[in-house]
Amino acid sequence: ESLRLGKDGRVATWRDFAVLVRTNALLDDFSAALQWAGIPYAVNAGRSFFSTSEVNDVMSLLWALDNPRDEVHLAAVLRSPLVGVDDATLLALKIDGTDLFAAITRPPQGLPETEKAKLEQFRARFVAWRRRRESAPLNVLITDVAASTGFDAWLLQQDGGLQRSANVQKLAGLAGRAME
């Protein structure tokens with residue numbers, strides 16, 4: 001029999017429940033148990049919205065789009081799930097001291113084909129996004145980035161994926177409101 005709620009007796013859904021935990025030390029145990037049981041969940045451990053990895057990934061991209069010579073943010077984007085190059089590729093791009101964006105445009109010899117393909121695809125997208133940032137609202141650009149790179153789908157496959165995807169959508173919404 002199903003649990004019924006309220007005067008109308010509607011059937012309860014997972015959204016009707018919350019687990020409050022006194023200490024963050026227990027969150028991993030609860031998360032693991034909920035995941036094992038196939039119960040959808042979101043964790044709000046008091047972390048700042050802007051300190052989540054998915055928001056940092058998108059923010060790094062926005063900084064790099066604004067200034068392609070910002071090598072710290074560009075490197076962060078390259079290593080993020082938005083592009084996904086490995087450490088060896090990132091090192092190869094910088095080993096001769098070349099500007100990171102120039103190195104993406106002319107990748108060094110000897111990179112694996114899969115890594116070269118990631119860089120070529122990212123460079124083409126990056127150039128297109130830089131052009132679009134002049135005319136497209138920032139929230140539209142963020143949404144396009146999340147969809148065209150598969151970032152949103154990737155987030156949904158991760159632990160707490162619904163919340164992580166919602167964080168990117170929230171960032172897009174905040175950006176859209178900030179531009180009004």
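**Close-ups of a predicted model**

**View 1. Gly84, a partly exposed loop glycine.** Gly84 counts as partly exposed because its relative accessibility is 27%. As with everything shown here, this comes from a predicted model. Look for Gly84 in the loop between helix 3 and helix 4, the latter covering 87-94. Setting aside residues within four places in sequence, Gly84 touches Leu78, Arg79, Glu115 and Lys118. Now find Val72: it sits 12 residues from Gly84 in sequence, and the C-alpha to C-alpha distance for this pair is 15 Å.

**View 2. Ser60, tucked into helix 2.** Here we're in helix 2, which runs over residues 53-66 and includes Ser60. Ser60 has a relative accessible area of 10%, so this serine is buried; the cut-off for that label is under 20%. What does Ser60 contact once its neighbours within four places in sequence are left aside? The partners are His73, Ala76 and Val77.

**View 3. Helix 1 and helix 3, the two ends of the confidence range.** Helix 3, residues 71-79, has the highest mean pLDDT among the elements, at 97. Helix 1, residues 27-37, has the lowest, at 85. For the protein as a whole the mean pLDDT is 90, and 98% of residues get to 70 or more.

**View 4. Stepping back to the whole fold.** Zoom out and you'll count nine helices and two strands. The C-alpha trace spans about 65 × 40 × 30 Å along its principal axes. Its radius of gyration is 20 Å, whereas a compact globule of 180 residues would come in near 16 Å. Of the contacts between residues at least 6 apart in sequence, 51% link residues at least 24 apart.

View 5. How much of the protein counts as buried? The figure is 32% of the 180 residues.

Key
Residues numbered from 1 in each chain as written. Predicted model: local features only at pLDDT ≥ 70, side-chain atom pairs only at ≥ 80, totals over all residues. Heavy atoms only, no water. Helix = DSSP H or I, 4+ residues; strand = E, 2+ residues; numbered from the N terminus. Buried < 20%, exposed > 50% of the residue type's maximum accessible area, 1.4 Å probe, protein only. Contact = heavy atoms within 4.5 Å. Rg over C-alpha atoms; globule rule 2.2 N^0.38 Å. pLDDT = per-residue confidence, 0-100.
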